[in-house]
Amino acid sequence: MWYYISSYVGIYCVCHSCLIVLGIITVMDENKEKTLQTEEQENRRTFSRDTSRHTWIGDVDEMGPDEISRTVKRMTQTIPGTEIRSTRMVEKQRKAYKGFITDEEVKDAEDRAEAERRARAEERNARLDMAQTRIYSGLGSGLEDESAQPEEERKPVRVRRTYSINISDGKIRKRLIALAVIFALMLLFDIGYLFLDRSAAGLPGRTESVQKETAEVLAENEELQQTADNLGDYEQLKELRDSWQRLKEQIEE
Amino acid sequence: MAETERTDRRIKISKAGLIAAALLACAILAATVFTVPRFAGVFKEYRGLRQSYKTAQKELTAAEKANAGLSQKVKEMTKMKTDSEKLSKQVFELAAKTEQDIVDGKSNKKICYITLDDGPYKRGQDFLELFRKYDVKATFFLTTANGDLLPDQADISASSVYPDYLRYGHTIGNHTYSHDYGDGGLYSDTGAFMKSVEDQTNFTEEATGGYVPRIVRFPGGSGMAGSRLDEIEDSLRERGYTWVDWTVDSGDSWGTDVANATLIKSNVLDASKEQDIMVVLFHEWSEPTLEAMPDIIDSLRGSGYIFLPLFPESVMVSK
């Protein structure tokens, strides 16, 4: 019976785990797809805004020139150099899905780091030039002082890739919890198996030890029984002692 | 607000963490896949072994319990035996002193030593039971004249009943091995007498596991030794023996046509009127004696007699 129960539990755990893993991967893929779509929309919106070729005027959810419906809001501003005020509809900023960092974001970060590095190099070169000028003009060497200072250590820009799982989605959260519980149960099952295996391995030795001890005690019991038999009957001994006691009292009277 | 909070709930996990979690999950899965088909077998084996272990433990517990009980019993029995030995010594010391006081006229106590000769007989068991019932201790002078079988119960070994006499606190006396007091018998030669005494001592020692019968009763009485009495007494003394005759003959050996319970009883009770310390001669084989004994004990006890087994230090025992 235990065999069937354990087999069922094991198979159920394995199948369910696989399903859950597949489910999570699917959800992650969906999220990724959503992210890509959002990014695409963002790109289009940015293009539109930057070039100012398109301005959406109208109500909320107006269809744009790219035939994508957007949430928009009304923006009023004064045209520079004039006192004319204009109103335009701007797409409402929506938070892009941050589940995954995109290659472009990585590239941006690397570009920013490169730009910083270049800026620092230019600054240093400028300082070098200035020092050189000071030497030529006889004001002393400023290069040595400048060069004596160690160049600021360049720290490599590390971009840590992280995966973000949105657990605000109830379905994923529930599945994650279920997965954790199932794996915990499986772990417990494995630990139980290990415990049983260890105990089963140790039991014969313990049993043998107990049996040996029992044999010793039984041998001792046999000796004790023989001693008791040699001593006689318990009741008779008691009777004998009491009779001597009575006899003693009779003589002492 | 709650909606906003919920939308912000995210779990961020690094790539290494994700790989580690996946590896852990794979390890657990692999372990489970390995475990499940073996679990039933291991569990069954474990159950069997556990059962054996529990059974062994139960046996050990039972054995230990029995051991504790036996140890306690042996301890108590040993103590009771030691107490009995101590008490018997005290009784003999007190008895010796009382006897002396009686002889000196300082005490009005009376002592009766019941002695039964020629055992062991099967009837001896009846005497033992009677004495146990009446709380009386006596002296049995045993012989091996009939070999190692009871004369009145040929299928019982004589040596097997020797311990019974000691079990009830009676004294075993030495009535020689052969009990042959006819012509050319014990009294024809001191050496022959002493050999018979020693043989009986050895037999008793063997039968009882070490008891040495130091009080000798001459078969037929010391008078049968005649002119050799002094020589025999010297030999007995040299070898650490004492001897005793009787002061009252119950008459149970006077012949089956003469001896009866009434005669035996009257003989003993009549003699008791004149003796404060008396050694009464009975015989273990005598049925009339067994019949008369309860009345004799009751009458003597009523007259103030204390029944004691003979002991080497008694004034009634020759040394």
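Colleague: Which residues have the most contacts inside the largest nonpolar core?

Modeller: Bearing in mind that this is a predicted model, the largest nonpolar core has 67 residues, and those with the most contacts inside it are B:Ile111, B:Cys112, B:Tyr113, B:Ile114 and B:Val280.

Colleague: And what does B:Ile111 touch, leaving out residues up to four places away in sequence?

Modeller: With those set aside, B:Ile111 touches B:Ala95, B:Thr98 and B:Glu99, and also B:Ile277, B:Tyr305, B:Ile306 and B:Leu308. There is a second, separate core as well, made of seven residues, and A:Met186 is included in it along with B:Ile28, B:Phe39 and B:Val42.

Colleague: How much of each chain counts as buried?

Modeller: In chain A, 8% of the 253 residues count as buried, whereas in chain B the figure is 36% of 319 residues.

Colleague: What are the two chains built from, in helices and strands?

Modeller: Chain A has five helices and three strands, and along its sequence they follow the pattern α-β-β-α-α-β-α-α. Chain B, for its part, has eight helices and 11 strands.

Colleague: What share of the contacts with a separation of 6 or more comes from residues 24 or more positions apart?

Modeller: For chain A, such residues account for 48% of those contacts, and for chain B they account for 76%.

Colleague: Changing topic, how many residues are in contact between chain A and chain B?

Modeller: On the chain A side 60 residues take part, and they are in contact with 59 residues of chain B. Helix H1 (2–51), strand E3 (162–166), helix H4 (170–231) and helix H5 (234–252) of chain A each supply at least two residues of the side that touches chain B, and the largest share, 27 residues, comes from H4(A).

Colleague: What is that side of chain A like by class?

Modeller: The side of chain A that touches chain B has 28 nonpolar residues, together with 20 polar and 12 charged ones.

Colleague: Now the helices of chain B: how do H7(B) and H8(B) pack?

Modeller: Helix H7 (residues 261–272) and helix H8 (residues 287–302) of chain B pack at an angle of about 30°, and their axes are 8 Å apart. Angles under 35 degrees count as roughly parallel, and H7(B) and H8(B) are therefore described as roughly parallel to each other. Their crossing is right-handed.

Colleague: Which residues of the two helices meet there?

Modeller: From H7(B) they are B:Ala261, B:Ile264, B:Lys265, B:Val268, B:Leu269 and B:Ser272, and these meet B:Pro288, B:Thr289, B:Glu291, B:Ala292, B:Asp295, B:Ile296, B:Ser299 and B:Leu300 in H8(B). The residues of this contact divide into eight nonpolar, three polar and three charged.

Colleague: At what angle do the axes of H3(B) and H8(B) cross?

Modeller: They cross at roughly 5° and come within 10 Å, so H3(B) and H8(B) are also roughly parallel to each other. By class, the residues of the contact of H3(B) with H8(B) are seven nonpolar, no polar and three charged.

Colleague: Is B:Asp126 buried or partly exposed?

Modeller: B:Asp126, which is found in helix H3 (residues 123–134) of chain B, is partly exposed, with 14 other C-beta atoms within 10 Å. The C-alpha atoms of B:Asp126 and B:Glu284 are separated by 9.5 Å, and these two residues are 158 residues apart along the chain.

Colleague: Let us turn to the backbone, then. Which residues does a cis peptide bond join?

Modeller: A cis peptide bond joins B:Gly119 and B:Pro120, with omega about 0°, and B:Pro120 lies in the loop between strand E2 (110–119) and H3 of chain B.

Colleague: What is phi for B:Asp135 and for B:His179?

Modeller: B:Asp135 has a positive phi of about 55° although it is not a glycine, and its place is in the loop between H3 and strand E3 (139–142) of chain B. For B:His179, also a residue other than glycine, phi is positive and near 60°, and B:His179 lies in the loop between strand E6 (171–174) and helix H5 (190–208) of chain B.

Colleague: Why does B:His179 count as buried, and why does B:Asp135 count as partly exposed?

Modeller: B:His179 counts as buried because it has 20 C-beta neighbours inside 10 Å, and a residue is buried if 20 or more lie within that distance. B:Asp135 has 15 C-beta neighbours inside 10 Å, and so it counts as partly exposed.

Notes. Residues numbered from 1 in each chain as written. Chains lettered and ligands numbered in written order. Predicted model: local features only at pLDDT ≥ 70, side-chain atom pairs only at ≥ 80, totals over all residues. Contact = placed C-beta atoms within 7 Å. Helix = DSSP H or I, 4+ residues; strand = E, 2+ residues; numbered from the N terminus. Nonpolar A, V, L, I, M, F, W, Y, C, P; charged D, E, K, R; others polar. Axes fitted to C-alpha atoms, helices over the stretch in contact; angles between N-to-C directions. Parallel < 35°, antiparallel > 145°, perpendicular 65-115°, else oblique. Left-handed = near helix turned anticlockwise from the far one by under 90°. Core = buried A, V, L, I, M, F, W, Y, C linked by C-beta atoms within 7 Å. Buried ≥ 20, exposed ≤ 12 C-beta atoms within 10 Å, placed from the backbone.
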